[in-house]
Amino acid sequence: MFGILGFNAAMGKRQKQQLTARSSNTPRENSKEIPIELLIDVFSRLSIEDVARCRCVSKPWSSILRRRDFTQLFLKISSTRPRILLTFLHKGRRHFYSIPQDLDPDRNNYSSRISAYYQMHFPKDLSSSVEVCPPILGLICCKSKKPMICNPSTGELKYISLPSAKTKRVKMRPYFGYDPIDQLFKVLCVSSDYVCRVSTLGTKEVTSTWRKVECSIPHQPLHSEICMDGILYYLAKCMGNGTPTPYMVVAFDVRLERFKFLPVELNIVGSALINYQGKLAILWQNLGGIYRHIQSFELRVLNDVDEVKWSIIIYELPDYWKNFAVETTYLYILGMTTSGEIVLSTYYVHEPFYIFYYNTVKKYVVRVQVDFGIEPLRALNCSRISTFLNHVENVELMD
């Protein structure tokens, strides 16, 4: 593929030819105009930075790069090269970085370093949220008093602000979901008084108010969430009487706005919901030894949603793992890649910052140190780092 400079030069020459063609007014010359379908195909192969530059070339190009079919094609291509998104608060500003998710297949060593790519940051008045929801199709929802939807890939400071999700003496915990059938984003909020509300993001406007949805079991949301195939899952603690277990997985159908509750027999503290080969699964860390390091993983895969039947898989870590983990005090489960790698990261602000890949097929561990290109994180006045798998670049603008 030719570079952006060569592409611009070629297109500039083509535009001059088109001007000459218009002056001649002959059908044969006019037929030399580049078809929009071909332009969309070429633009979809550019980086997201080059797409932003091309928007500034001319109004026709800007119009093409805002088309729905181009956005969908770019998302499809971007999903084949997912990234890891990293975000944290520093001096009141929320910063976004990313790195490639897939490891270099020619990598021979078990430890390496990588420089994170700086995406953007929001100013202080837009960065009150300590937490963010996992990204969906490249978009992020900040868990603030007024949930805010933004696109860190484009670097623009524009955002979609939802109505206030907090009332007097009642706190709300937002969750971000997507309905792939109607192609709608929705935000579910569970309040501290166990009332559930939903707000919808349409293609042109946001619903101005929250609407209540029926929830038969009062529950307290916990630490992990994931949206798969139009179902928003999150871990929760049962607060009502008569429930068989204290913990459960809440399944919220984003399109139908209905709840289903999946009981979990074990303590889910320290676990995480992940996508295992297209199925919902819960991954636990089994700790042991004097330093309470991870010795193995326990994976419970949901095979039957109606009967709530789970299968169990145990993954034992290699002996040299303890040498990798000696510098860390706590690791956070990020999820599993499509190639079967369990991914973890350091949780709080440590220097150095590590991401670990455990290959469940070949039974080896790779440690990647992430450099942010700024002063050591230990010296920064910032919050813990939130890290997410399967982030895709989206060219859609927030206007």
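A salt bridge joins Asp371 to Arg113, with 3.0 Å between the closest N and O atoms. Asp371 belongs to strand S23 (residues 364–371) and Arg113 to strand S3 (residues 111–115), so this pair ties together parts that lie 258 residues apart in sequence. The two partners can also be described by their accessibility: Asp371 is partly exposed, at 22% relative accessibility, whereas Arg113 is exposed, with a relative accessible area of 57%. The model in which this pair is found is a predicted one, and the count of salt bridges in it comes to 12.

The side chains of Arg173 and Glu131 meet in a salt bridge with an N to O distance of 3.7 Å. Arg173 sits in strand S8 (residues 172–179), while Glu131 is in the loop between strand S4 (117–122) and strand S5 (140–142), so parts 42 residues apart in sequence are tied together here. Glu131 counts as partly exposed, at 28% relative accessibility. Glu131 and Arg173 are also linked with Arg384 in a network of salt bridges.

In the other pair, Asp182 forms a salt bridge with Arg255, and the closest N and O atoms are 3.3 Å apart. Distant parts of the chain are again linked, 73 residues apart: Asp182 is in the loop between S8 and strand S9 (184–191), and Arg255 is in the loop between strand S14 (247–253) and strand S15 (258–264). Asp182 is partly exposed at 41% relative accessibility, and Arg255 is partly exposed at 40%.

Most residues other than glycine have a negative phi. Leu137, which is not a glycine, has a positive phi of about 50°. Leu137 is placed in the loop between S4 and S5 and is partly exposed, at 33% relative accessibility. Glu257, also not a glycine, has a positive phi of about 55°. This residue is found in the loop between S14 and S15; Glu257 is buried, with a relative accessible area of 18%.

The largest nonpolar core has 22 residues, of which Phe297, Leu299, Trp321, Ile342, Leu344 and Phe356 touch the most other members. At least two residues of this core come from each of strand S16 (272–276), strand S17 (279–288), strand S18 (293–304), helix H7 (321–324), strand S20 (331–336), strand S21 (341–346) and strand S22 (353–359). S18 gives the largest share, four residues. Another core, of 18 residues, lies apart from the largest one, and among its members are Ile84, Leu86, Ile99 and Ile355.

Finally, two helices can be viewed as a pair. Helix H3 (residues 36–43) and helix H6 (residues 68–78) pack at an angle of about 35°, and their axes are 10 Å apart. Their crossing is right-handed. H3 contributes Ile40, Asp41 and Phe43 to the contact, and H6 contributes Asp69, Phe70 and Leu73. By class, four of these residues are nonpolar, two are charged and none is polar.

How values were computed: Residues numbered from 1 in each chain as written. Predicted model: local features only at pLDDT ≥ 70, side-chain atom pairs only at ≥ 80, totals over all residues. Heavy atoms only, no water. Axes fitted to C-alpha atoms, helices over the stretch in contact; angles between N-to-C directions. Left-handed = near helix turned anticlockwise from the far one by under 90°. Contact = heavy atoms within 4.5 Å. Nonpolar A, V, L, I, M, F, W, Y, C, P; charged D, E, K, R; others polar. Core = buried A, V, L, I, M, F, W, Y, C linked by side-chain atoms within 4.5 Å. Buried < 20%, exposed > 50% of the residue type's maximum accessible area, 1.4 Å probe, protein only. Salt bridge = Lys/Arg side-chain N within 4 Å of Asp/Glu carboxyl O.
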